[in-house]
Each structure stands twice: as C-alpha cells, then as structure tokens.
Amino acid sequence: LIAGDSAAVKCLCVTTGPHHYSFNPRDLALLSNADIFFSVGLTLDDHFVSKMLQSSQRGKAKFDALGDTVKARKLCLAGDAEHDHHHGEGHDHSHGDEDPHIWLGIPQAVVMAERMADQLAGVSPENAGVFRERAEALAGRLKDFQREARQKMKDKNERRLISFHGALAYMADSFSLQIAATMQINPGTEPSAARIAQLVKLCKEERVRVLAVEPQYSTGTSARLLAEALKREGVEPRMIEIDPMETADAAALDAGWYERTMRGNLQALVDHLP
C-alpha cells in the first residue's frame, strides 16, 4: 500500500505464523535480492530473523525491526497478567511482559506505517514524497476506523472476552474492549484441564461468556472444550472468530488486505457481542 508500484512486497509468514516459522533457502534467496527487510521484533520473530540475517550471504538489505520504533509509544502487556497470576498460572513469558502483536493496534499500526514510509524513502529518495503521502492517508483512514469502532462498541452490554492466545491486547485497547483471560498460555499449546477449570471459574464469577477464536486454529480444540465446560455450568458461551493476521492466504495479500481484515474483525464483534 505504501510502496505502491515502486516495490515488490513479499511476506514470509503466509501459511505458518511467526511463533513457529522456520526460514528456508527460498527465504534467503529473497533476502539476498531485497532492499529492505522488515520484521516485528519484540521477540516475536527474532528466533528466525536473526538466523536469516546471519545466514545471508549478500547482506545488501537494510534491516528494520518495527517494534523498536513502536517501543517509543505505549506497549500492551502480554496476556492478561492480573487474571493469569491471580489464578496461579502465568501468562506467556516467551515474549516477556510486552505483547509483540503490535499490528493489531491502530495507533501502533500508524507508527509502523510512518516508519515504513521513512525507510522506503531512504532506499528510493525520488519517491519519498509519495511514500509519506500514502502513509499519511492510511493513518487518516485508520484513525477514522478506530473512532468508528469505539462508537459501535459503546452500545454493547458486554465488552469483555476470552482470547484464544495472547494476541489481542492492542486490538482490545483500540476498540475499547477488555481481555479477561487467554485460553492458550503459549501459542499452539493446548491448555491443561486445570487451566480450563480456572477459565470456567473466572467466566462464572465475572460473567464473561464471549470466546474469541482464530481461523488459523480448529475450534474443536481448547475453545470447544471451554465452551462445553461452560455449558455444563449453565453458562451459554458466544464464540466470535477474530483473525490475528499472523498468517494469510498469499493470493489475498493485496494493498487492501490489512484494512479489510481489521474491518472484518470489527464486524464480527458488532454482530456477536451482546
């Protein structure tokens, strides 16, 4: 979107998310011909990005971890520290105490877009003005979108939810929601029976019945177990599919993908939150 026709943009994490991604020779070939290599950082993708940089033979690409720029602004805490520690099971410490899923926050996405425009301008100075204009236009649309989202959330009776894994803190902050707890402490690792029992207790005591599931994971796993356990306790859960955008269909990755997906997430919340 920011680069337009001035650059070819390739995304590494398409079928496998950053938590479990392993680079391959094709990725190194892409890196050897790239002008800029953007990562999130904040320990999210460092496990494979650092190895890619070490393995790169050419070393031409300018590297930028966008999370370093976002760090200048407020970062959300990882997981749900208050509830997870209160109930005796810690949140995901693999990312430290800060949530690295910065692209899901509107203010953070604006910072990332501005940083990308600046870095692209350094590589292609003749297009610097166009890059920055596009980033500014995107920032304006995203800020309008955030105002729309908060307005739509104002009339909802319930704005607390259980997230599938600790990825939604920034989105919740942007949309005026609250994450009461997370199902998976570590992404891809099913919660224990004790964890399910803790979540059921929390939902009953604090009247939380909205479960956010992700299209990348089967709802037949922890989300389904939690939903069934809640029903046995007389709580009727509502399941809402929220895309954390850690992976994507490569064919769908065009300039409008991010805004479409965020708007789809908002519509899912509007349609299903009581």
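Mentor: Contact here means heavy atoms within 4.5 Å. Helices (H or I, at least four residues) and strands (E, at least two) are DSSP runs, numbered from the N terminus. This is a predicted model, in which local features need pLDDT of at least 70, side-chain atom pairs count only at pLDDT 80 or more, and totals for chains, interfaces and linings use all residues. Residues are numbered from 1 along each chain as its sequence is written, and side-chain values use heavy atoms, with hydrogens and water left out.

Trainee: Which residues in α9 do Ile 196, Leu 199, Val 200 and Cys 203 in α8 meet?

Mentor: These four residues belong to α8, and their partners belong to α9. The contact of α8 with α9 divides into seven nonpolar residues (Ala, Val, Leu, Ile, Met, Phe, Trp, Tyr, Cys and Pro), no charged ones (Asp, Glu, Lys and Arg) and one polar (the others, Gly among them). The partners in α9 are Ser 222, Leu 226, Ala 229 and Leu 230.

Trainee: At roughly what angle do the axes of α8 and α9 cross?

Mentor: Axes are lines fitted to C-alpha atoms, for helices over the stretch in contact, and angles run from 0 to 180 degrees between N-to-C directions. The axes of α8 (residues 193-206) and α9 (residues 222-232) come within 10 Å. Under 35 degrees counts as roughly parallel, over 145 as roughly antiparallel, 65 to 115 as roughly perpendicular and the rest as oblique. The two helices are therefore oblique to each other, crossing at roughly 50°.

Trainee: How are α5 and α6 oriented to each other?

Mentor: Helix α5 (residues 106-123) and helix α6 (residues 128-153) have axes 8 Å apart and pack at an angle of about 175°. That angle makes the pair roughly antiparallel.

Trainee: How many residues of the contact of α5 with α6 are charged?

Mentor: Residues meeting there include Glu 114 and Asp 118 in α5, and Arg 132 and Lys 143 in α6. The contact has 15 nonpolar residues and one polar, and its charged residues number four.

Trainee: Is Ala 193 buried or exposed?

Mentor: Ala 193 lies in helix α8. Its relative accessible area is 66%, so Ala 193 is exposed.

Methods:
Buried < 20%, exposed > 50% of the residue type's maximum accessible area, 1.4 Å probe, protein only.
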